[in-house]
Amino acid sequence: MDVRTGFIVLICLMGFTCAEPVKYIDCGSSTGKVAMVDISPCASQPCQLHKGQSYSVNVTFNSAVESQTSKALVHGIIAGVPVPFPIPIEDGCKSGIQCPIQKQQNYHYLNSLPVKSEYPTIRLVVEWELRDDNKKDLFCIRFPVQIVS
Ligand SMILES: *[C@@H]1O[C@H](CO)[C@@H](O)[C@H](O)[C@H]1NC(C)=O
């Protein structure tokens, strides 16, 4: 553990909200540009997701288009195979984004990632897309997680 990680863990143990930028890869954002991804709580990476808990997701992005709608699609990629990952609210316009989406505007997409107790204890990659009116990705991000009991 390096000094920075140690410091973040300490802050988290002290009970502060701990959100550090998550290391993600862009999987084809075409009508927007991602600036930052936060998962909370996530003290060390890959984020450890405890079964039965819910995590907050905050994706900061800039839109390059106007769009009336936005719809989120989440997959868990397990051994290379994308499996649909249900989220409570698919409508991006009800997830912190004020629609219609404007061009050249920054948005914080806020949602929660519930981890069901029946999920297996595995490492996987979460793929999170937000699609615009034309089903193009305002953002597409992938980040690794570890499901723990
Ligand atoms: C989402 O992340 C942005 C950028 O770090 C931050 O300014 C904003 O306050 C966050 N929103 C919430 C609700 O955590």
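# A walk from the ligand to the loops

Start with the ligand and show what sits around it: M36, D38, N58, T60, H108 and L110 surround the ligand. Keep in mind as you click around that this is a predicted model. Now zoom in on N58, where a polar side-chain atom is placed 2.4 Å from an oxygen atom of the ligand. On its own the ligand has 360 Å² of accessible area, and the protein covers 44% of that. To see where the shell comes from, colour β2, β4 and β7, the elements that give two or more residues to it.

## Into the aromatic cluster

How far apart are the centres of the rings of Y109 and F139, and at what angle are their planes? The centres are 5.5 Å apart and the planes stand at 65 degrees, so this pair is edge-to-face. The cut-off behind that label is an angle over 60 degrees.

Trace the chain from one partner to the other. Y109 belongs to strand β7 (residues 105-114) and F139 to strand β9 (residues 137-148), so 30 residues of sequence separate them and the pair links distant parts of the chain.

Now widen the selection. The structure holds five aromatic pairs, and ring pairs tie F61, Y107, Y109, W128 and F139 together as a cluster.

## The core around it

Next, bring up the largest nonpolar core, which has 32 residues. Which of its members touch the most other members? They are I39, Y109, W128 and F139. Colour by element and you'll find two or more core residues coming from each of β2 (32-40), β3 (47-50), β4 (54-63), β5 (71-78), β7, β8 (123-131) and β9. The top contributor is β9, which gives six residues.

Click F139 again and list its contacts. Setting aside residues up to four places away in sequence, F139 touches S29, V34, V59, F61, Y109, W128, E129 and L130.

## S29, a polar stop

You are now in the loop between β1 (25-26) and β2. Why does S29 count as buried? Its relative accessibility is 19%, and buried means under 20%.

Draw two distances here. Beyond its neighbours within four places in sequence, S29 is in contact with V34, D137, L138, F139 and C140.

## Along β9 to Q146

Follow strand β9 to Q146. With a relative accessibility of 17%, Q146 counts as buried. Show what is around Q146: apart from residues up to four places away in sequence, it touches C47, Q48, L49, I122 and R123.

Time to look at the backbone. Most residues other than glycine have a negative phi, and most peptide bonds are trans. Here are some exceptions to pick out.

- Select S40 and P41: the peptide bond joining them is cis, with omega about -10 degrees. P41 is in the loop between β2 and β3.
- Move on to Q45 and P46, where the peptide bond is also cis and omega is near 0 degrees. P46 is in the loop between β2 and β3.
- Jump to A79, in the loop between β5 and β6 (81-84). A79 is not a glycine, yet its phi is positive, about 50 degrees. At 78% relative accessibility, A79 counts as exposed.
- Then try K135, in the loop between β8 and β9. K135 isn't a glycine either, and its phi is positive at about 60 degrees. K135 counts as exposed, with 65% relative accessibility.

## Last stop: Q68

Finish in the loop between β4 and β5, at Q68. Q68 is exposed, with a relative accessible area of 55%. Which residues does Q68 touch, not counting those up to four places away in sequence? The contacts are C93, C99, P100 and D133.

Conventions
Residues are numbered from 1 along each chain as its sequence is written. This is a predicted model: local features need pLDDT of at least 70, side-chain atom pairs count only at pLDDT 80 or more; totals for chains, interfaces and linings use all residues. Side-chain values use heavy atoms; hydrogens and water are left out. Rings of Phe, Tyr and Trp (its six-membered ring) pair if their centres lie within 6.5 Å; planes under 30 degrees apart count as stacked, over 60 as edge-to-face and the rest as tilted. Helices (H or I, at least four residues) and strands (E, at least two) are DSSP runs, numbered from the N terminus. A nonpolar core is a set of buried Ala, Val, Leu, Ile, Met, Phe, Trp, Tyr and Cys residues joined through side-chain atoms within 4.5 Å. Buried means under 20% relative accessible area, exposed over 50%, partly exposed in between (1.4 Å probe, protein chains only). Contact means heavy atoms within 4.5 Å. A residue is near a molecule or strand if one of its heavy atoms lies within 4 Å of it. A polar contact is a pair of N or O atoms within 3.5 Å; within protein, one must be able to donate a hydrogen and the other to accept it, and residues adjacent in sequence count only if both atoms are side-chain atoms. Accessible areas come from the Shrake-Rupley method with a 1.4 Å probe; for residues, only the protein chains shown count as cover.
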